[in-house]
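My notes follow in the order I looked things up.

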Amino acid sequence: MGKKYLERSSLGIPYFLFMGLFVVLPVLIILYYAFTNGQGQFSMENLFLFFRDGRTIGTLFYSLFVAVTVTCVCLVIAYPVAYLLAKTKWNRNGTLLLLFIAPMWINFTLRITALKEVLNLFEGNLAFHPLFNTIIGMTYDFLPFMILPIYNTITKIDKSYEEVARDLGAKPSHVLSKIIIPLSKPGIISGISMVFLPSMTNYVVLDMMYNSTYIMGSLIGSYFSMYDWHNGSVISMILLLIILISSVASGEFKTREEGGAFE
């Protein structure tokens, strides 16, 4: 019995090694540089400097604004699309869903380059509308990540709930607002997490859309390109905290919604 347990436990050794080398160790390195100065001494000056510098605070709020806007636009577009894909009879074996997810298989640079050419036809010069083009680019890039979890959640909703609601005289709009949307909130939360967090750091879209404004990802890249590991690590740590808080909050909300949906 003990030998079998030991054999099963040994199967997790590669997993723990991977997590330790590629997850825990990089985080520890970031924390080390975030709380030390150039001489390797403990210091909180890097953290204080982040909150005293108007440029970094402005970048944080600009990144939040871009991320919130992109997330809202993706949600407004993705939910009706996911609902129609889940309910239409034409979507046999997920064929229509595949058409929406297929762009994810194409190289990111090629997709954004193609989008640039399309926008150039309408605008002439992308530099005139940098924020607008950035939101379009990120929405185009992250939209499938919002559609897929919502679609999966809607397809798993028991159809008997809708049938009972219709039998009781509920209108289609009430079925949607009282049954479908509340039960699909786990998918909505997953989609928001998958879109919001990358939108704060994906500076490649800004660069390709001729947006010279920094977001958090580009600010981190600028510090590390100047070999300023301490300030870059502080910003990375703050982003990690934002991601952690968002993940915990969304996880608790998702659990509460699943547990209290029909209480």
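**Entry 1: the cavity**

How many cavities of 30 Å³ or more does the count come to? I got one cavity at that cut-off. A word on what I was working with: this is a predicted model. Rolling a probe the size of a water molecule over the atoms shows where empty space is left.

I looked up the volume next, and the largest cavity comes out at about 50 Å³.

**Entry 2: the overall fold**

I stepped back to see the whole chain. The protein has 13 helices and zero strands, and its pattern along the sequence reads α-α-α-α-α-α-α-α-α-α-α-α-α. What share of the 263 residues counts as buried? I noted 36%. I also checked the contacts between residues at least 6 apart in sequence, and 72% of them join residues at least 24 apart.

**Entry 3: helix 4 against helix 10**

Helix 4 (residues 54–87) packs with helix 10 (residues 185–199) at an angle of about 145°, and their axes are 8 Å apart. Is the crossing left-handed or right-handed? Helix 4 passes helix 10 in a right-handed crossing.

From helix 4, I listed Leu64, Val66, Ala67, Val68, Val70, Thr71, Cys74, Leu75 and Tyr79 as the residues making the contact. Their partners on helix 10 are Ile188, Ile192, Val195, Phe196 and Ser199. By class, this contact has twelve nonpolar residues, two polar ones and no charged ones.

While on helix 4, I stopped at Pro80, which is found in this helix. Is Pro80 buried, partly exposed or exposed? Its relative accessibility is 42%, so Pro80 counts as partly exposed.

I then moved to the loop between helix 12 (216–225) and helix 13, where Tyr227 is found. Phi of Tyr227 is near 60°, and I flagged it as a positive value in a residue other than glycine. Why does Tyr227 count as exposed? Its relative accessible area is 71%, and the cut-off for exposed is over 50%.

Asp228 is found in the loop between helix 12 and helix 13 too. At 22% relative accessibility, Asp228 is partly exposed; buried would need under 20%. I checked Asp228 against Gly38, and their C-alpha atoms are separated by 9.3 Å although they are 190 residues apart along the chain.

My last stop was Tyr32, which lies in helix 2 (residues 13–34). Tyr32 has a relative accessible area of 45%, so I put it down as partly exposed. How far apart in space are Tyr32 and Val234, C-alpha to C-alpha? I noted 9.6 Å for this pair, which is 202 residues apart in sequence.

Key: Residues are numbered from 1 along each chain as its sequence is written. This is a predicted model: local features need pLDDT of at least 70, side-chain atom pairs count only at pLDDT 80 or more; totals for chains, interfaces and linings use all residues. Side-chain values use heavy atoms; hydrogens and water are left out. Axes are lines fitted to C-alpha atoms, for helices over the stretch in contact, and angles run from 0 to 180 degrees between N-to-C directions. Helices (H or I, at least four residues) and strands (E, at least two) are DSSP runs, numbered from the N terminus. A crossing is left-handed if the near helix is turned anticlockwise from the far one by less than a right angle, and right-handed if clockwise. Contact means heavy atoms within 4.5 Å. Ala, Val, Leu, Ile, Met, Phe, Trp, Tyr, Cys and Pro count as nonpolar, Asp, Glu, Lys and Arg as charged, and the others, Gly among them, as polar. Buried means under 20% relative accessible area, exposed over 50%, partly exposed in between (1.4 Å probe, protein chains only). On a 1 Å grid over the protein atoms alone, a cavity is a set of points where a 1.4 Å probe fits but cannot get out, and a pocket is an open set with protein on both sides within 12 Å along at least five of seven lines; lining residues have an atom within 4 Å of a point. Grid points are joined across faces, edges and corners, and a volume is the space filled by probe spheres set on the points.
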